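Student: I have a model open and would like to go through it by asking about one feature at a time.
Tutor: Go ahead.

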Amino acid sequence: MEKENISVGWAEVNITPDKPVLLHGQFYTRISEYVNDPVTATALVISGEKDSLIFVSCDLVYLYESIIKECREKIKKEMPEINVNKISFGATHTHTAPTTKESLYIYDDEKVMKPTEYAEFLVEKLSKCVIEAWKNREKGYISWGMGYAVVGHNRRMVYFDGSARMYGDTNDKNFSHIEGYEDHSVDLLFTYNKKKQLLSL
């Protein structure tokens, strides 16, 4: 991809449902009661004359392969010129966003949006976001960098008997260490328009 031929396009969409949902990210059932901050999805398209990359970031705990497949199929149908195999989907792993999978949690409230219903809503929103970002492309530039920020920590405690427990007790006399490696590096990507002005949403 020649740097002087790069085009950049951004788009953002609100993926907050309009009714209570099951929240993904814990071992027990949680139903949303209000919206403190909206959950969103952001798409970035970087394209050249012969190739393109599309990054999609969603405020969800996880994106199942079925959702990604449906999004690619819908985008391909509505905008055939987009190579859907070049779309990378990711989640911010927030634990206060809807789940898209049935059977994870038990509930019997008819007022709660079903995970399958939210999944359909999500596919529609994500597809539109990617297409909008594609249409928003303009000639520009990119640059990158790296910084550091402590944004999280591991939650599984490992014990001398070889076991590990989520949210385990560190005061246990058999406590050995916190599981896993923590990487606090933050990769940064900046985009600019043709006038070299920073592009943002």
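**Surface, pockets and salt bridges**

Student: What area do Phe27, Tyr28 and Tyr167 have together as a nonpolar patch on the surface?
Tutor: The model is predicted, and what follows is computed from it. Tyr28 sits in the loop between β2 (23-24) and β3. With Phe27 and Tyr167 it forms a nonpolar patch on the surface, and the accessible area of the three together is about 410 Å².

Student: In what pattern do helices and strands follow one another along the sequence?
Tutor: The protein has 2 helices and 11 strands. Read along the sequence, they give the pattern β-β-β-β-α-β-β-α-β-β-β-β-β.

Student: What share of the residues is buried?
Tutor: The C-alpha trace spans about 60 × 45 × 30 Å along its principal axes. Buried means under 20% relative accessible area. Of the 201 residues in the protein, the buried share is 36%.

Student: Which strand gives the most to the lining of the largest pocket?
Tutor: The largest pocket holds about 830 Å³ of space. Three strands, β3 (40-47), β4 (52-58) and β11 (185-193), each supply at least two residues of its lining. With 5 residues, the one that gives the most is β11.

Student: How many residues in the lining of the largest pocket are charged?
Tutor: The lining has 21 residues, and those nearest the centre of the pocket are Ser57, Ala91, Thr92, Val186 and Asp187. By class, 11 of the lining residues are nonpolar and 8 are polar, and the number of charged ones is 2.

Student: How many charged residues are in the lining of the second largest pocket?
Tutor: About 400 Å³ of space lies in the second largest pocket. Its lining has 21 residues, with Leu23, Ser32, Tyr34, Val35 and Thr96 nearest the centre. By class there are 11 nonpolar and 5 polar residues, and the charged ones number 5.

Student: How far apart in sequence are the parts that Glu117 and Lys19 tie together?
Tutor: Glu117 and Lys19 form a salt bridge, with the closest N and O atoms 3.4 Å apart. Glu117 belongs to helix α2 (residues 115-135) and Lys19 to the loop between β1 (7-14) and β2, so the parts tied together are separated in sequence by 98 residues.

Student: By about how much of a helix are Glu78 and Lys74 separated?
Tutor: The side chains of Glu78 and Lys74 meet in a salt bridge, 3.0 Å from N to O. Glu78 is partly exposed at 41% relative accessibility, and Lys74 is partly exposed at 23%. The two are 4 residues apart in helix α1 (residues 65-78), and the separation is about one helical turn.

Student: Which residues do salt bridges that share partners join into one network with Lys74?
Tutor: The structure holds 7 salt bridges. One of them is between the side chains of Lys74 and Glu124, at 3.3 Å from N to O. Lys74 lies in helix α1 and Glu124 in helix α2, so this pair ties together parts 50 residues apart in sequence. Through shared partners, Lys74 is joined into one network with Glu78, Glu124 and Lys128.

Student: What distance separates the C-alpha atoms of Gly180 and Asn83?
Tutor: Gly180 is in the loop between β10 (175-178) and β11. Gly180 is exposed, at a relative accessible area of 60%. Along the chain Gly180 and Asn83 are 97 residues apart, and their C-alpha atoms are separated by 36 Å.

Student: How far apart in space are Ser200 and Trp10, C-alpha to C-alpha?
Tutor: Ser200 is found in the segment after β11. Ser200 counts as exposed, at 61% relative accessibility. In sequence Ser200 and Trp10 are 190 residues apart, while the C-alpha to C-alpha distance in space is 7.6 Å.

How values were computed. Residues are numbered from 1 along each chain as its sequence is written. This is a predicted model: local features need pLDDT of at least 70, side-chain atom pairs count only at pLDDT 80 or more; totals for chains, interfaces and linings use all residues. Side-chain values use heavy atoms; hydrogens and water are left out. On a 1 Å grid over the protein atoms alone, a cavity is a set of points where a 1.4 Å probe fits but cannot get out, and a pocket is an open set with protein on both sides within 12 Å along at least five of seven lines; lining residues have an atom within 4 Å of a point. Grid points are joined across faces, edges and corners, and a volume is the space filled by probe spheres set on the points. Ala, Val, Leu, Ile, Met, Phe, Trp, Tyr, Cys and Pro count as nonpolar, Asp, Glu, Lys and Arg as charged, and the others, Gly among them, as polar. Patches are made of residues with over 30% relative accessible area and no salt bridge: like charges are joined within 9 Å, nonpolar side chains (Val, Leu, Ile, Met, Phe, Trp, Tyr) within 5 Å. Accessible areas come from the Shrake-Rupley method with a 1.4 Å probe; for residues, only the protein chains shown count as cover. A salt bridge is a side-chain nitrogen of Lys or Arg within 4 Å of a carboxyl oxygen of Asp or Glu. Buried means under 20% relative accessible area, exposed over 50%, partly exposed in between (1.4 Å probe, protein chains only).
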